[in-house]
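Hi everyone, thanks for coming. Please have a look at the sequence and the model on the screen, and I'll walk you through a few places in it.

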Amino acid sequence: MAAYAATANSLFFFSSSFFLSSPRQLPRKSVPLKTSRKYLSITSELATLPVLSFTGEKIGETYLDLKSAPPETARAVIHRAILTDQQNKRRGTASTLTRSEVKGGGRKPYPQKKTGRARRGSMRTPLRTGGGVIFGPKPKDWSIKINKKEKRLAISTALSSALESTIVVEDFGENFEKPKTKEFIAAMKRWGLDPMEKSMFFMMEVPQNVMLSSRNIGTLSMLTPRTLNLFDILNSDKLVLTPAAVDYLNGRYGVDYEDSEEDEEEEEDGEGTEADENTVAAQ
């Protein structure tokens, strides 16, 4: 029955007027093609953030106007960017030896017959301890590429989604005369932050005393424009910005941002040292 249906359909298709070799051809009409391609649109929403003093009092307000992907594509953009960051961190240096690369095994271990044992031709067989590995890992390049505009859009979309849990604190680097973790935790409580929750501080520069005072807090991460990454933004419960950092975000990820060659060079230089600076800051 299925063969009959296929034959009938094929006959009907090839017997249409398009395939007829008759000298009389039907007039052709120009019909506009309808494509279902959807172009990526970018939206922006102005958000007002409170500005707190070092003592925790509200001293003003500021705004953050960032680009963000529409809701129907935001999840896919962020997923692609975070997958790229995580996969590019893989070194791909895992390596095993096959039976042709294992040392030894040049002679037959014991005679083929008259021993009562299974036949064995080499000591390098994967069935024995110390032999080769079947389908083991080999060095591989796991890096994948993502467009710079797409990566920048993913970061700005993640920041826009975390505006409800974002506060702005005035520059507090001069308030720490010496490294003191207890004083930094007290300041966090004044700003309404729970030291047990994950917090991300984004500053243009991290003073030495601030870095030393906060490095013992395991739930806290200090980031600069060079180490800003998507994973720490998504992994944080609270975001703390400084006024200078807000101006940087509006200029870098805002609606009026335009690409330039200098910015592209900075991104290429920053990608290689991002993990190293995070490691140094955590030590």
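**A walk through the model**

Let me start at one helix: the buried residues of α4 are covered by elements that include β4, α5 (208-214) and β5 (220-223). A word on what we are looking at: this is a predicted model, where local features need pLDDT of at least 70 and side-chain atom pairs count only at pLDDT 80 or more, while totals for chains, interfaces and linings use all residues. Residues are numbered from 1 along each chain as its sequence is written, and side-chain values use heavy atoms, with hydrogens and water left out.

Buried means under 20% relative accessible area, exposed means over 50%, and partly exposed is in between, using a 1.4 Å probe and protein chains only. Helices (H or I, at least four residues) and strands (E, at least two) are DSSP runs, numbered from the N terminus. Contact means heavy atoms within 4.5 Å.

Back to α4, which spans residues 181-190: which of its residues are buried? They are F184, A187 and M188. Looking down the helix axis, these buried residues fall within an arc of 100 degrees, so they line one face of α4; the arc is taken from the directions from the axis to the C-beta atoms. On the other side, K182 and K189 are exposed. Just after the helix, G192 has a positive phi of about 85 degrees.

Leaving aside neighbours within four places in sequence, M188 is in contact with L193, P195, S199, F201, I217 and L220. M188 and G56 are 132 residues apart in sequence, yet their C-alpha atoms are 8.8 Å apart.

Now the wider view. The chain has eight helices and six strands, and buried residues make up 31% of its 283 residues.

What about the cores? A nonpolar core is a set of buried Ala, Val, Leu, Ile, Met, Phe, Trp, Tyr and Cys residues joined through side-chain atoms within 4.5 Å. The largest one here has 32 residues, and L64, F202, L228, L230, I233, L241 and L249 have the most contacts inside it. Among the elements that each supply at least two residues of this core are β1 (43-52), β2 (58-68) and α2 (71-88). A second, separate core has 18 residues, including I167, F184, F201 and L220.

Next, a pair of helices. α3 and α7 pack at an angle of about 135 degrees, with axes 11 Å apart. Here axes are lines fitted to C-alpha atoms, for helices over the stretch in contact, and angles run from 0 to 180 degrees between N-to-C directions. The two helices are therefore oblique to each other: under 35 degrees counts as roughly parallel, over 145 as roughly antiparallel, 65 to 115 as roughly perpendicular, and the rest as oblique. R152, I155, S156 and L159 of α3 make the contact with L249, R252 and Y253 of α7.

Last stop, two loops. T242 sits between β6 and α7, and T242 is buried, with a relative accessible area of 4%. P225 is in the loop between β5 and α6. Is P225 buried or partly exposed? P225 is partly exposed, at 26% relative accessible area.
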